[in-house]
Amino acid sequence: MEENALRAMDAEQLREHAHKMVDFIADYYKTIQNFPVLSQVQPGYLGKLLPDSAPEYPESFQNVLDDVKEKILPGVTHWQSPNYFAYFPSNSSIAGFLGEILSAGLNIVGFSWITSPAATELESIVLDWLAKAFQLPEDFYSSGKGGGVIQGTASEAILVVLLAARDKILRRLGRSALPKLVMYASDQTHSALRKACQISGLNPELCKLLKADSATNYALSPEVLSEAISNDIAGGLVPFFLCATVGTTSSTAIDPLPALGKIAKTNNLWFHVDAAYAGSACICPEYRHYFDGIEESDSFNMNAHKWFLTNFDCSVLWVKDRSSLIQSLSTNPEFLKNKASQGNMVIDYKDWQIPLGRRFRSLKLWMVLRLYGLEGLRSHVRNHIELAAYFEELVSQDTRFKVVAPRTFSLVCFRLLPPLNSEDHGNKLNSDLLDSVNSTGNIFITHTVLSGEYILRFAVGAPLTERRHVTTAWQIFQEKATALLESLQD
């Protein structure tokens, strides 16, 4: 090997190259506003720029960085841009980034306690910290029968609890009951539930997504749920699982947890609460009441990687009874046996998730909690909610637009009102407005459909977003709306 060639690991080479990488990333953040927020490339662009086979011999690190700048960044949609208002946020932060560096540097594979005791124990401790901060019932603490675990995404979280719920009822009724098992949620629930149903061998037709509309602000109606359960029982089916949402993807609707929890308890349903996005807001006392009723749930999930300054991925799941997860997901081959595990003295998180291997993700959450503190995180959330309220006010002042769903957190759902003779209720008009706004590259938003109407979603949540960015975004909406409405008159 040449003297200056990059070794697999060398402390001084790591120091030199890591400094350059940190400088590169810091410069990226300094200039992030110069990039089109939504990548403007066409499908297949990168294959035309990169060679069709890997290099036989090492290239210089600087050449690689040059390619990142010239070939990769044009194909990146910049989720951390202050002008990113699409989907829901995916926060990065200095603390989260430092935690990722440390996790990558240690590079442990912490599937069981013995493989790195600190990885398991820190995860339990940090998730107990977070449970206390959210004022979750003590049933969710690791000191009891429950506890918390970091999953990759909310999709993984809902899959593992659905498997646990499925197996729990099948142990009672027998495997022959599988084709009769019914799940319930509103039609505003994330599509992850239907995917989990498909993966877990349940009948997709018995994943009952109950209609929610503007009469309940798109929340699941307890009356509709009760009626559906009664009808299914009368039809010989077996209700077993209910998923409620605090902050739906389309409009941040909030399902009524206390009423739904009572129905779940009466009918012996596993009650899961998905607060992937809005859960972060409930760290603030003024929003904690949206968790009222959580004490009736069997499992609860929020994504720290959305709005909690913790780099992707870090989805936090709590369960009241960890034995249900373990019975569904545990394997114990000879090569993994050890005294601590066999003696039931420790938690082995491999038995709480789908894969065997797992990263040391609790490090970044620990860093976020320590370097920002709970009050710093509350300020972060409150700032975005205030900016969303400001945008909502701007929309309300322009009579050409309408806010179409209550703004509870940092998402504003709105639309451009169509001319009176519009045949499709302005759906094409609003779709054209979205395309026109996004094509500028200056901002990026996404849409949803509520009650058959095409709705624009403006989600504030990027750490660098300030009031001036919201003001500029609104000016773009107004300019593009004016042009579209004028074109309809021609």
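Is Lys 350 buried or exposed? In this predicted model, Lys 350 has a relative accessibility of 7%, and because buried means under 20% relative accessible area, Lys 350 counts as buried. The residue is found in the loop between helix 11 and helix 12. When its neighbours within four places in sequence are left aside, Lys 350 is in contact with Phe 111, Leu 329, Thr 331, Leu 336, Pro 355 and Leu 356.

**Confidence**

The average pLDDT of the protein is 94, and 99% of the residues score at least 70. Among the elements of the protein, strand 5 has the highest mean pLDDT, at 98, while helix 11, which covers residues 339–342, has the lowest, at 80.

**Aromatic rings**

The count of aromatic pairs comes to 29. One of them is formed by Tyr 290 and Phe 409, whose ring centres are 5.5 Å apart and whose planes stand at 70°; since planes over 60 degrees apart count as edge-to-face, this pair is edge-to-face. Tyr 290 lies in the loop between strand 5 (270–274) and strand 6 (299–303), and Phe 409 lies in the loop between strand 8 (401–403) and strand 9 (411–416), so that the pair links distant parts of the chain, 119 residues apart. Tyr 290 counts as partly exposed, with 22% relative accessibility, whereas Phe 409 is buried, with a relative accessible area of 0%.

Another pair is that of Phe 391 and Phe 458, with ring centres 3.7 Å apart and planes at 5°, and because planes under 30 degrees apart count as stacked, this pair is stacked. Here too, distant parts of the chain are linked, for Phe 391 belongs to helix 12 (residues 362–397) and Phe 458 to strand 11 (residues 453–459), 67 residues apart. Phe 391 is buried, at a relative accessible area of 0%, and Phe 458 counts as buried at 0% relative accessibility.

Phe 391 and Phe 458 also belong to a cluster, in which ring pairs link them with Phe 85, Phe 401, Phe 414, Trp 474 and Phe 477.

**Charges over rings**

Rings can also be approached by a charged side chain, as the following table shows for two arginines.

| Charged residue | Ring | Distance from ring centre |
|---|---|---|
| Arg 457 | Phe 88 | 4.9 Å |
| Arg 467 | Tyr 390 | 3.7 Å |

The charged end of Arg 457 sits over the ring of Phe 88, and Arg 467 lies over the face of Tyr 390.

Conventions:
Residues numbered from 1 in each chain as written. Heavy atoms only, no water. Phe/Tyr/Trp six-rings, centres within 6.5 Å; stacked < 30°, edge-to-face > 60°. Helix = DSSP H or I, 4+ residues; strand = E, 2+ residues; numbered from the N terminus. Buried < 20%, exposed > 50% of the residue type's maximum accessible area, 1.4 Å probe, protein only. Lys NZ or Arg CZ within 6 Å of the ring centre and 35° of its normal. pLDDT = per-residue confidence, 0-100. Contact = heavy atoms within 4.5 Å.
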